[in-house]
Amino acid sequence: MSRELPVSSNPDSFGWCFENTYTQLPSEFFAVAEPVKVADAKLVVANHRLALELGLRLNDQPAGHLAALFAGQQIPVGAKPIAQAYAGHQFGGFTILGDGRAILLGEHRTPLGERIDIQLKGSGQTPYSRRGDGRAALGPMLREYIISEAMHGLKIPTTQSLAVVTTGETVYRETPLRGAILTRVAASHIRVGTFQFAASRQDESSLRALADYTIHRHYPEISNSDCTDAERCLQFLRAVADRQAALIAQWQMAGFIHGVMNTDNMAISGETIDYGPCAFMDHYDPATVFSSIDHRGRYAYGNQPAIGQWNLARFAETLLPLLDADEAISVEKATAALDEYAERFDSYWLQGMRRKLGLQAELDEDRELVNQLLEWMKSVKADLTNTFDDLSTGRASESFGGLYAEATFVNWCARWNDRLKVDGNTRESVRQGMLAVNPARIARNHRVEEALTAATERDDLSTMHRLLDALASPFDRDPQFDVYRDPSPPGTCYRTFCGT
Ligand code: AMP
Ligand code: MG
């Protein structure tokens, strides 16, 4: 199944250390699949920072070798490429899916001993492609690269992007586009949809095998706990819900809108996955939707926490047979875990907002203070990122220029200052704390588009690299990156597409 490397290249020269534990699951969970041959693989971007963390040696490699590697033309020694089976609720409707345009090369062991998935996205058809061509276009793959780097910079759990290559082939969407492949790195690609797939087979032993595997891989502390299988499974459900609560709270704080929170796009590891029509919000408005296909706003910014719970309810349903022999008791346990998600989300959110405002003690009145600020931001269309940045640096609350001259804001600031006095911290320590959690920069939509246009239409990668530099350390206040603070020009109505 795995191809031989040409004699000219040393199989170990990249530093791969592949294992394929996923293929020990029952065979219905995957299909053997190989990346297709492509016409002319060319490296567009490689993530040297990530490569270093993974223990890979990309420097000093001939560009041709990197292109062949990241186009799936040379399968690393030890990798056993597969496509993974899964199902999912897409905009609420259930479908059997699977990797239709992605191939998992295997699991690389990092120098720290972590097991991470290495997946090629856009590498041709698989047994799960249905009517799709299995391909991806350059623009959307670079978009995933940029946004996942932005999320990493913001310290939000995310899959990462190791490289993008072009294939030298054309993919046909509304227009002919340049074909490309993204190398995605993830804690794993096990999704809520993977469990839905298992449950749809109505084979409890397969479901249990998947649960055991996933617990062992992502929640080892539960795996090792001394309890019954049913208790372990409930702990698993609660732990997955907890990670999602923490993750989605972080999205809300950064103004990140995933755009397509289908259950197949919710990773059990708690990483953000599948950067399709996602985007960051400029001015604060809970109704914000960017995706061109999300007509009813199912995945609007303000709905994300509730959709998280909806998805977790679908996850909990798959686990019912493992929670208790008596279904009524299973349902009771699952319902309690879902209620707990709502409480956890709320608590992560409130804790996070306190940090964003430099508040230390946990006072009941804090929630109202936060909500008053958000209401004001909504009413005047204040930019989410810049408002918190301006509060951190003092630009907002000391000079009261522009929007900040509004009486509502000035009054709010007085209440905020009174509240800060309760903690008794110096202004400087409050300021340092706020600067550390409020980013100066996010991936602004017009900046992302500018970088993609330059790269895809003019082969100019410099705009993208400058943007990536600005997004790598969004908490520093380096003035050279100040232009990246500007929100999208007024009147622009940003739309995103699924990019399949
Ligand atoms: P996504 O919207 O990227 O989460 O994809 C949803 C489903 O559609 C997944 O099963 C994908 O593998 C599949 N899919 C998306 N694009 C393609 C394509 N071009 N060819 C085959 N399958 C695809
Ligand atoms: Mg997906």
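## Cavities

Searching the whole structure, a predicted model, gives three cavities of 30 Å³ or more. A cavity is a set of points, on a 1 Å grid over the protein atoms alone, where a 1.4 Å probe fits but cannot get out. Grid points are joined across faces, edges and corners, and a volume is the space filled by probe spheres set on the points. Rolling a probe the size of a water molecule over the atoms shows where empty space is left.

The volume of the largest cavity is about 60 Å³. Helices here are DSSP runs of H or I with at least four residues, strands are runs of E with at least two, and both are numbered from the N terminus.

## The second largest pocket

A pocket is an open set of points with protein on both sides within 12 Å along at least five of seven lines. The second largest pocket holds about 540 Å³ of space. It is lined by 26 residues, and Asp 282, His 283, Lys 381, Pro 487 and Ser 488 are the closest to its centre.

## Ligand 1

Which residues come nearest to ligand 1? They are Gly 98, Gly 100, Asp 133, Gly 134 and Asn 265, out of 18 residues around the ligand (a heavy atom within 4 Å).

Polar contacts are pairs of N or O atoms within 3.5 Å. A polar side-chain atom of Asn 265 is 3.1 Å from an oxygen atom of ligand 1, and for Asp 274 the distance from such an atom to an oxygen atom of the ligand is 3.1 Å. In the side chain of Tyr 86, an N or O atom lies 3.4 Å from an oxygen atom of ligand 1.

## Salt bridges

Side chains of opposite charge can pair when their charged atoms come close. The structure has 39 salt bridges (a side-chain nitrogen of Lys or Arg within 4 Å of a carboxyl oxygen of Asp or Glu). One of them joins Arg 115 and Glu 19, at 2.7 Å from N to O. Arg 115 belongs to strand S8 (residues 115-121) and Glu 19 to strand S1 (residues 18-19), so the pair links parts of the chain 96 residues apart.

## Conventions

Residues are numbered from 1 along each chain as its sequence is written, while chains are lettered from A and ligands numbered from 1 in the order in which they are written. In this predicted model local features need pLDDT of at least 70, side-chain atom pairs count only at pLDDT 80 or more, and totals for chains, interfaces and linings use all residues, while side-chain values use heavy atoms, with hydrogens and water left out.

Technical notes. 1 Å grid on protein atoms, 1.4 Å probe; cavity = no way out; pocket = protein on both sides within 12 Å on 5 of 7 lines; lining within 4 Å. Polar contact = N/O pair within 3.5 Å; in protein donor to acceptor, adjacent residues only side chain to side chain.
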